[in-house]
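User: Please take me through the contacts between side chains and between chains, with the cut-offs behind each term.

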Amino acid sequence: MSHDVFWTNPSYLLEEQYVTSANLGNRSHLHDRYGTSPIPFRAWEAGLVN
Amino acid sequence: MQELPFSDKSFDLVVANHMLYHVPDPLRAFREIRRVLRPDGTALIATNGMGHMRQLFDAVDDLVGGRAQLLGQSFGIEVGEALLRQVFGTITWHSFMNPLLVTDPNDLLAYATSFPPGENATVGQRATMLERFTAEVADGAGGLRIDTRAGAFVCSGAGI
């Protein structure tokens, strides 16, 4: 899979990239553990519409 | 996202967090979001932009092969507003300031190898990448600072 097209390729996304939660988990872990914002993203985002 | 299984004007709020860059035709997805929103509804669309996590992507570019930083640009900060303007009347961008301060180089390696081109790295390239991250974490003040460039578009109304 060329990395130029993987991002929008449904087969790659379903059958490889997100076939388990591992890849997404590794990425979200980095933000959750090491983010320096005093406000978590989802709380910040909720504030945009409240 | 390009064919939402919902009736017209069903929702007050639609949230799309860091996923529209996976949609082959983002404009079609925006039209679907607009269709299922009530007239006074709001779409909240989070994404990132060029330079997001550049310190990490630089390592992938250098050690595995280039252009990691170009990934996901079918819909990002730079092109987002122009696309959204075709569907929504009011669009405001909000930046989420959240640089990372990473102390465990293994977590950087896990991130860097979670998608192409990093996921295709050889065992040797992974070892070299980990060495680089380890050195950068040690050299940083309290860890390796990773800059982020992310946030959300708040969209409402009807576009042009």
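User: Which residue forms a salt bridge with A:Arg33?

Analyst: A salt bridge here is a side-chain nitrogen of Lys or Arg within 4 Å of a carboxyl oxygen of Asp or Glu. The closest N and O atoms of the pair are 3.0 Å apart, and the pair crosses between chains, from helix 2 (residues 22–34) of chain A to helix 4 of chain B, where helices (H or I, at least four residues) and strands (E, at least two) are DSSP runs numbered from the N terminus. The partner of A:Arg33 is B:Asp107.

User: On what basis are these values given, and how many salt bridges does the rule find across the interface of chain B and chain A?

Analyst: This is a predicted model, in which local features need pLDDT of at least 70 and side-chain atom pairs count only at pLDDT 80 or more, while totals for chains, interfaces and linings use all residues. Residues are numbered from 1 along each chain as its sequence is written, chains are lettered from A and ligands numbered from 1 in the order in which they are written, and side-chain values use heavy atoms, without hydrogens and water. Across the interface of chain B and chain A, the rule finds one salt bridge.

User: Is B:Asp107 buried or exposed?

Analyst: Buried means under 20% relative accessible area, exposed over 50% and partly exposed in between (1.4 Å probe, protein chains only). A:Arg33, at 46%, is partly exposed. B:Asp107 has 13% relative accessibility and therefore counts as buried.

User: How many residues does chain B give to the contact with chain A?

Analyst: Contact means heavy atoms within 4.5 Å, and chain A contributes 28 residues to it. The side of chain B comprises 44 residues.

User: What separates B:Arg35 and B:Glu32 along helix 1 of chain B?

Analyst: These two residues form a salt bridge, with the closest N and O atoms 2.9 Å apart. B:Arg35 is partly exposed at 25%, whereas B:Glu32 is buried at 14%. Because they lie three residues apart in helix 1 (residues 26–36) of chain B, their separation is about one helical turn.

User: How many residues apart in sequence are the parts that B:Phe75 and B:Phe153 tie together?

Analyst: Rings of Phe, Tyr and Trp (its six-membered ring) pair if their centres lie within 6.5 Å, with planes under 30 degrees apart counted as stacked, over 60 as edge-to-face and the rest as tilted. B:Phe75 and B:Phe153 form a tilted pair, 6.2 Å centre to centre with 50° between the planes. Since B:Phe75 lies in the loop between helix 2 (54–63) and helix 3 (77–84) of chain B and B:Phe153 in strand 6 of chain B, the parts tied together are 78 residues apart.
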